[in-house]
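The entries follow the order in which I looked them up.

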Amino acid sequence: MSGRLSEEKVFKDPVHNYIYVQDETIWELINSAEFQRLRRIRQLGTSYLTFHGAEHSRFSHSLGVYEITRRIISQFEKSGFADWPREERLLCLCAALLHDLGHGPFSHSIERAFDSDHEEWTCRIILGDTQVNRILRKADPLMPEKIAAVIRKTYEQKIVVSLISSQMDADRMDYLLRDAYYTGVDYGTFDLERILRMVRPHKGHIVVKESGMHAVEDYLMSRYQMYWQVYFHPVTRSGEILLSKIFERARALFGGGHTFVFLDDTLRRLFENAMTVADYLHLDEALMQMAFMQWTKDTDPVLADLCSRFLHRRLLKYVPLEESEILLTHQVRDCLAKVGLDPDYYMYVDFPADLPYDVYKPGEVEEKLPILLLDSRDHLFEISSRSEIVRSISGIRQGQHHIYFPEELLAAEAMPEELWQLLQKRS
């Protein structure tokens with residue numbers, strides 16, 4: 001079993017002020033090669049192209065999730081709540097720390113391009129021949145399997161799962177505060193201290209005292225605002241679209257036997273969909289950025305141009321479209337083809353329904369565990385049944401259709417005047 005460190009370790013953190021490490025297992029996990037890799041994975045994918053401060057990593061976020069979880073557990077233990085399973089303490093802390101271990105370069109962009117799942121990669125790393133696996137087994141031979149079950153949300157103690165993955169978990173609370181801090185916006189701020197004082201273990205769930213409802217409303221509104229103002233910002237989407245087109249072109253070239261100017265074994269196995277855990281652990285943003293830089297000199301002009309646009313922030317331009325105007329995209333495709341740009345790689349129509357909006361939707365079977373309020377009579381209520389504010393934003397889908405295209409298209413003589421006027425006016 002894991003012991004306590006002889007001297008507590010402390011990380012200075014801009015969001016939580018300090019992060020405290022008291023367990024040998026946690027300290028060893030932080031220093032493992034697999035966890036240190038997260039320093040080379042940005043938390044917010046291409047958001048740094050929109051908000052220049054958004055350079056923070058999955059490493060710092062994972063430490064933050066661990067710290068919030070540690071504080072919640074510490075409060076439960078201090079208060080002596082009978083419903084809290086004390087024997088699950090280390091499991092919760094390890095799962096919180098390692099929950100993002102399987103993230104690849106550029107956050108979710110590479111998952112969509114290669115149909116992969118960071119949670120499954122997290123489990124493969126935890127269960128595989130890795131430093132993390134050996135550290136966990138030293139603490140408890142069954143610890144890797146238990147953490148994998150928590151990540152997959154199949155662990156029998158649902159209270160453990162809800163700390164790491166629910167509608168108000170340590171993961172969400174940290175990334176909202178951290179992302180708001182590094183992007184420089186105020187949308188993601190909420191009263192974390194108040195929420196932490198109001199949470200309780202109750203009959204296998206993490207619940208919130210009803211008197212803390214307004215702090216939870218503030219948290220949910222912050223989440224709503226961050227998605228539309230930061231995570232779905234159209235400039236960030238432009239970067240993600242360029243990334244997806246780079247991956248799409250590279251995969252097509254690889255399938256056709258193209259000789260790349262640069263293609264190491266890790267990327268080769270990525271394109272072959274044959275990555276081992278060892279291969280995946282070599283996949284980070286440093287490698288992808290190097291590949292993009294080399295591909296700017298590739299013999300394929302489309303790949304070279306797309307990589308150059310991404311690296312030098314010559315992003316695709318975007319304009320909003322009404323649903324009735326979607327048919328105009330055919331004209332844009334024709335214009336692109338006439339100026340020698342393949343519309344499959346240089347145009348994209350973004351639909352609001354395509355965006356993975358993590359809105360709070362109570363009562364849906366596939367949704368994560370809902371937020372439950374505990375009243376003075378020990379009765380539980382799902383929050384939207386008591387909160388007008390939560391009802392007003394639950395399930396709302398907003399946003400517009402956007403069409404993305406190269407800015408130079410506006411100077412193309414082949415463009416019909418009516419279409420030019422529309423794009424120019426809204427750009």
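I call a crossing left-handed if the near helix is turned anticlockwise from the far one by less than a right angle, and right-handed if clockwise. Helices (H or I, at least four residues) and strands (E, at least two) are DSSP runs numbered from the N terminus.

I note that this is a predicted model, in which local features need pLDDT of at least 70 and side-chain atom pairs count only at pLDDT 80 or more, while totals for chains, interfaces and linings use all residues. Residues are numbered from 1 along each chain as its sequence is written, and side-chain values use heavy atoms, with hydrogens and water left out.

**Entry: α3 and α4**

I looked up the crossing of α3 and α4 and found it right-handed. Helix α3 (residues 58-79) and helix α4 (residues 89-98) have axes 7 Å apart and pack at about 160°; axes are lines fitted to C-alpha atoms, for helices over the stretch in contact, and angles run from 0 to 180 degrees between N-to-C directions. The pair is therefore roughly antiparallel (under 35 degrees is roughly parallel, over 145 roughly antiparallel, 65 to 115 roughly perpendicular, and the rest oblique). In contact (heavy atoms within 4.5 Å), residues of α3 including Leu63, Tyr66 and Ile73 meet residues of α4, among them Cys92 and Leu97. The residues of this contact divide into 8 nonpolar, 2 polar and 3 charged. Here Ala, Val, Leu, Ile, Met, Phe, Trp, Tyr, Cys and Pro count as nonpolar, Asp, Glu, Lys and Arg as charged, and the others, Gly among them, as polar.

**Entry: α3 and α10**

I then turned to helix α10 (residues 170-183), whose axis comes within 8 Å of that of α3 and crosses it at roughly 125°. That angle makes α3 oblique to α10. The contact of α3 with α10 has 6 nonpolar, 4 polar and 3 charged residues.

**Entry: α8**

I checked burial in helix α8 (residues 143-151) and found 7 of its 9 residues buried (under 20% relative accessible area; exposed is over 50%, partly exposed in between, with a 1.4 Å probe and protein chains only). The buried residues of α8 pack against α4, α6 (118-127), α7 (131-139) and α9 (158-164). Just after α8, Lys153 takes a positive phi of about 65°.

**Entry: Asp279**

I located Asp279 in helix α15 (residues 277-281). Asp279 counts as buried because its relative accessibility is 7%. Leaving aside neighbours within four places in sequence, Asp279 is in contact with Thr266, Arg269 and Ala274.
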